[in-house]
Amino acid sequence: MSNKLIYIGILIALIFTQSCTTKETNIEKMLSRNWSFDTELGPSFVDSTTFLNLSFKINGADTLREFTSVFNGRKDIGTWEIEDGNDLILASPLQNMETEIDSITQSFNDEGEVTINYFKDNETVGSFNDGTFSPKRFLQKFTINKISSTQLHLVFENQPGSASNVTVLPYKYISKVLPTSISFYSVTRGLIGIFGLIFITFLFSSNRKAINWSLVVKGLVLQIALAIAVLYIPFVAAVFDNMSAFFMKIIGYTNAGSDFVFGQFGTGEIQGPLQNFAFKILPTIVFFSALMSMLYYLGILQKIVYVFAWLMKRFMKLSGAESLAAAGNIFLGQTESPFLVRPYLDKMTKSELMCLMTGGMATIAGGVLAAYIGFLGGDDPEQSMFFAKHLLTASIMSAPAAVVAAKILVPETEEFNNEMKIPKDKIGSNILEAITNGSSDGLKLAVNVGVMLLVFTAIVYMANDILDGIGSVTGLNEVIAANTGYSQLSFQFLLGYAFAPIAGLMGIDNWNDMVLAGQLLGEKTILNEFYAYATFGDIKANFVSQKSVVMSTYMLCGFANFASIGIQIGGIGALIPGRKGTLSKLGVKALIGGTVASLLTAVVVGMFL
């Protein structure tokens, strides 16, 4: 074990050293996104179609900053630069551009060649020399008044004599961003992250010589293909957009039910103190659980699971049972999915059980997906759609990633059963009973989630109070406040810096984002993903790069935490009591495998952003 930790430490140190060499300045990272004009804050003369897209592409050592803007119906395209650290310069081609001039000068050189200069307010706007007009670009200068991950305020100087000398143009972040090109740097960083995570998993393997590297490569290829399809193929992207829209409709139906039960008389809406997590987020868990139960009773869910299982079985040469379990984990929880393979559980090989447990750790249940969307999207429909799409993609991509991690940790060395049949057990005598049973299970889960968040939040606050006292006595608080983004010694500070190298290994470049992502990964692993997503919703605006936000969304998408070890041993062990010992031995490795699977998914997506 000591040698493994030394190898991991050396690997992370190498990646960490490289990742600290950022390719962009912080302000460039924060500017590089899509912005929509905030009509609630902006001047009335600006129409609702105004937007600003600032893209930053890296190709090897070269950078390209491109922009597209629409302002009061006029569309401009070109390149952008930062000048003097606080000025945004937009440079557009002069064709189809209009600008006013108020004076012209003419000069001759010794050879008699004429140069005509054009001026506006004593500034040169262009010149004509030797049959060529220059510059070929029209420059627009804005002063950056305010910038964060969600807001951009630009100051534009008006013409002298106008009612106001300056106009503030407030923009808000548009969440839906698709890449337009594949960066050599991002792909290289992603490949380093993939090899690094595979190497760490290899160190913990129970039988390194028996690893089926063909299966590993196929699983990674399947992940990469899914990422490229979702990000670059319009048809696939549209499918996921429609799936996200479906989830948003489901959340809307849940809100209608919540308003009916908890809303005030007269308005029919939840207002005041009831407009909170317990009455807006937790009800989605109950409704999704009931919906999944209904779909299972109708046989629809089994057919969807079977399609995914068949594809993985054919492509990755898995056993029938582990294919079903891996596919089932996309939609069901880590204790519900084993019911799909209940007839096979007692005779499953050790490697198959490892695959079952790792899949449960690496993916999420449909019932909690809506809760995560609520954490991250809040009341903003665009943000909710953005995170819904990525969470859906993460859950699907993590299924083959979990197989990859499991088959490295515990390679298959036994004969397995290729049969793949889903039990036809019903979870109710009729559809109403199925909905009722699902609602009851969802209520238990919702209460459990609420209680866990209550307890863990209280524990973290208590720990922070103790650490704050230690930091005050030792003087660490002042050092931390002066040199980091944290104000004092805290649980979040310790986790952020402890797990930051893992974030660097994933391909997150900026140190600020590494620490934030490290904090979230630590909270997810030590506490649970619900607490981590709740924190993520609060701090996502503090990330410098939107790429880091997306990668963190994928990184947290899974049940891999210490509490899940006990949940799986108890849940799966109840179905096969005679094999609880085997499940206990595999628990920690399943946690490692589930964590690596989520990280692999984040790295693969980050390669193409």
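Trainee: How many helices and strands are in the protein?

Mentor: The predicted model has 20 helices and 12 strands.

Trainee: And what share of the residues is buried?

Mentor: Of the 609 residues, 51% are buried.

Trainee: What about the accessible surface?

Mentor: The protein's accessible surface is about 28000 Å². Carbon and sulfur atoms account for 61% of that surface.

Trainee: How many contacts join residues at least 24 apart?

Mentor: Take the contacts between residues at least 6 apart in sequence: 68% of them join residues at least 24 apart.

Trainee: On to the inside. Which residues have the most contacts in the largest nonpolar core?

Mentor: Tyr372, Tyr533 and Met555. That core has 139 residues. Helix 12, residues 381–409, gives the most to this core, with 17 residues.

Trainee: What does Tyr372 touch?

Mentor: Leaving out residues up to four places away in sequence, Tyr372 touches Ile364, Leu391, Glu529, Phe530, Tyr533 and Phe559. Another core lies apart from the largest one. That other core has 15 residues, among them Leu31, Phe67, Leu90 and Ile144.

Trainee: Is Leu376 buried or exposed?

Mentor: Buried, because its relative accessible area is 1% and the cut-off for buried is under 20%. Leu376 sits in helix 11, residues 366–377.

Trainee: What is Leu376 in contact with, beyond its neighbours in sequence?

Mentor: Setting aside neighbours within four places, Leu376 contacts Gln383, Phe387, Tyr533, Phe536, Gly537, Lys540 and Thr553. Leu376 and Phe386 are 10 residues apart in sequence, and their C-alpha atoms are 9.5 Å apart.

Trainee: New topic. At what angle do helix 7 and helix 13 cross?

Mentor: Roughly 145°. The axes of helix 7 (residues 282–298) and helix 13 (residues 431–474) come within 7 Å. The crossing is right-handed.

Trainee: Which residues meet there, in helix 7 and helix 13?

Mentor: From helix 7, they include Leu282, Ile285, Ser289 and Tyr297. From helix 13, they include Ile431, Gly438, Asp441 and Val449. By class, this contact of helix 7 with helix 13 has 14 nonpolar, six polar and one charged residues.

Trainee: Last one. What is the phi of Lys317?

Mentor: Near 60°, a positive value in a residue other than glycine. Most residues other than glycine have a negative phi.

Trainee: Where is Lys317 found?

Mentor: In the loop between helix 8 (300–316) and helix 9 (320–328).

Trainee: Why does Lys317 count as exposed?

Mentor: Because its relative accessibility is 58%, and exposed means over 50%.

Notes
Residues are numbered from 1 along each chain as its sequence is written. This is a predicted model: local features need pLDDT of at least 70, side-chain atom pairs count only at pLDDT 80 or more; totals for chains, interfaces and linings use all residues. Side-chain values use heavy atoms; hydrogens and water are left out. Axes are lines fitted to C-alpha atoms, for helices over the stretch in contact, and angles run from 0 to 180 degrees between N-to-C directions. Helices (H or I, at least four residues) and strands (E, at least two) are DSSP runs, numbered from the N terminus. A crossing is left-handed if the near helix is turned anticlockwise from the far one by less than a right angle, and right-handed if clockwise. Contact means heavy atoms within 4.5 Å. Ala, Val, Leu, Ile, Met, Phe, Trp, Tyr, Cys and Pro count as nonpolar, Asp, Glu, Lys and Arg as charged, and the others, Gly among them, as polar. Buried means under 20% relative accessible area, exposed over 50%, partly exposed in between (1.4 Å probe, protein chains only). Accessible areas come from the Shrake-Rupley method with a 1.4 Å probe; for residues, only the protein chains shown count as cover. A nonpolar core is a set of buried Ala, Val, Leu, Ile, Met, Phe, Trp, Tyr and Cys residues joined through side-chain atoms within 4.5 Å.
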